[in-house]
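Subject: A structure for you to explore

Hi,

Here is the structure I promised to pass on. Have a look at it first, and then read my notes below.

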Amino acid sequence: PRAVDGIDLHVDPGEIYGFLGPNGAGKSTTVHMLTTLMPPTAGVARIAGHDVARDPGAVRATIGVALQAAALDPVLTAWEHMALQTSLQGVPKAQRQARAEELIERVGLTDAAGRRVGGYSGGMKRRLDLALALVHNPRVLFLDEPTTGLDPQSRTALWEEVARLADQEGVTVFLTTQYLEEADLLADHVAIIDHGEIVA
């Protein structure tokens, strides 16, 4: 089956782009291709000027990604996750602790940062995942259904942080969602995808 069937879209720098559609519409497959996790079988995709197929390393250096399933180790603390991620992303050693503290505070996890992530609520895990996606100051942030399953308070907190990233830091945000309310509230532009095609 064609999960994504010849979509064509353009996202301007610094905007929040909402990618809206039901389950199975092709949202996550599109994100996987744009983030170099899955090669496209045809067509061209560029992120910040870099071709996802020809220059995936440059794409990965430019983007932050928080997928549906948070890639967190339940036995590590938030501080340990941040130490690992800042190291993997090449953040200079002298800056790692300060960057970790800044992001942990920004997502409201300072009091819980010393606890193992396995004991976190769903909302706390999503906020930590967002912080990890931001350690290297990406120009483009991909959020794949970031608020699915969250309670209203956690959802609102995440919405506020996403809006702040775009407004104050100029981060381009590509947001997939099933929720019309979320797309309406956050996105500058919205594409609706269904059966692999952009229908509106």
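Val 190 sits in strand β7, which covers residues 189–194; strands here are DSSP runs of E with at least two residues, helices are runs of H or I with at least four, and both are numbered from the N terminus. With a relative accessible area of 38%, Val 190 is partly exposed. That label means a value between the two limits: buried is under 20% relative accessible area and exposed is over 50%, with a 1.4 Å probe and protein chains only. Val 190, Ile 192 and Val 199 make a nonpolar surface patch of about 220 Å². Such a patch joins nonpolar side chains (Val, Leu, Ile, Met, Phe, Trp, Tyr) within 5 Å, from residues with over 30% relative accessible area and no salt bridge, while like charges are joined within 9 Å. The areas come from the Shrake-Rupley method with a 1.4 Å probe, and for residues only the protein chains shown count as cover.

Before you go further, please note that this is a predicted model, where local features need pLDDT of at least 70, side-chain atom pairs count only at pLDDT 80 or more, and totals for chains, interfaces and linings use all residues. Residues are numbered from 1 along each chain as its sequence is written, and side-chain values use heavy atoms, leaving out hydrogens and water.

Now to the inside. In soluble globular proteins, nonpolar side chains tend to be buried together. Here the largest nonpolar core has 34 residues, and Met 82, Tyr 120, Leu 128, Leu 141, Leu 143 and Val 173 have the most contacts inside it. A core is a set of buried Ala, Val, Leu, Ile, Met, Phe, Trp, Tyr and Cys residues joined through side-chain atoms within 4.5 Å. Helix α5 gives the most to this core, with 6 residues. Apart from it lies another core, of 15 residues, including Phe 19 and Ala 191.

Helix α1 (residues 27–34) is worth a look too. Of its 8 residues, 6 are buried, so the helix is largely enclosed by the rest of the structure. The buried ones are Lys 27, Ser 28, Thr 30, Val 31, Met 33 and Leu 34. They pack against β1, β2, α2, β5, β6 and β7, where contact means heavy atoms within 4.5 Å. After α1 comes Thr 36, with a positive phi near 70°.

How many salt bridges does the structure hold? There are 8, each a side-chain nitrogen of Lys or Arg within 4 Å of a carboxyl oxygen of Asp or Glu. Arg 2 and Asp 5 form one, at 3.0 Å from N to O. Arg 106 and Glu 169 form another, with their closest N and O atoms 3.2 Å apart. Because Arg 106 lies in helix α4 and Glu 169 in helix α6, this pair ties together parts that are 63 residues apart in sequence. Glu 169 also meets Arg 164 in a salt bridge, at 2.9 Å. Shared partners join Arg 99, Glu 102, Arg 106, Glu 161, Arg 164 and Glu 169 into one network.

Finally, find Glu 182 in helix α7 (residues 180–186). Glu 182 is buried yet has no salt bridge, and the nearest side chain of opposite charge, Arg 155, is 4.9 Å away. For charge, Lys and Arg count as positive and Asp and Glu as negative, with His and the chain ends not counted.

Happy exploring!
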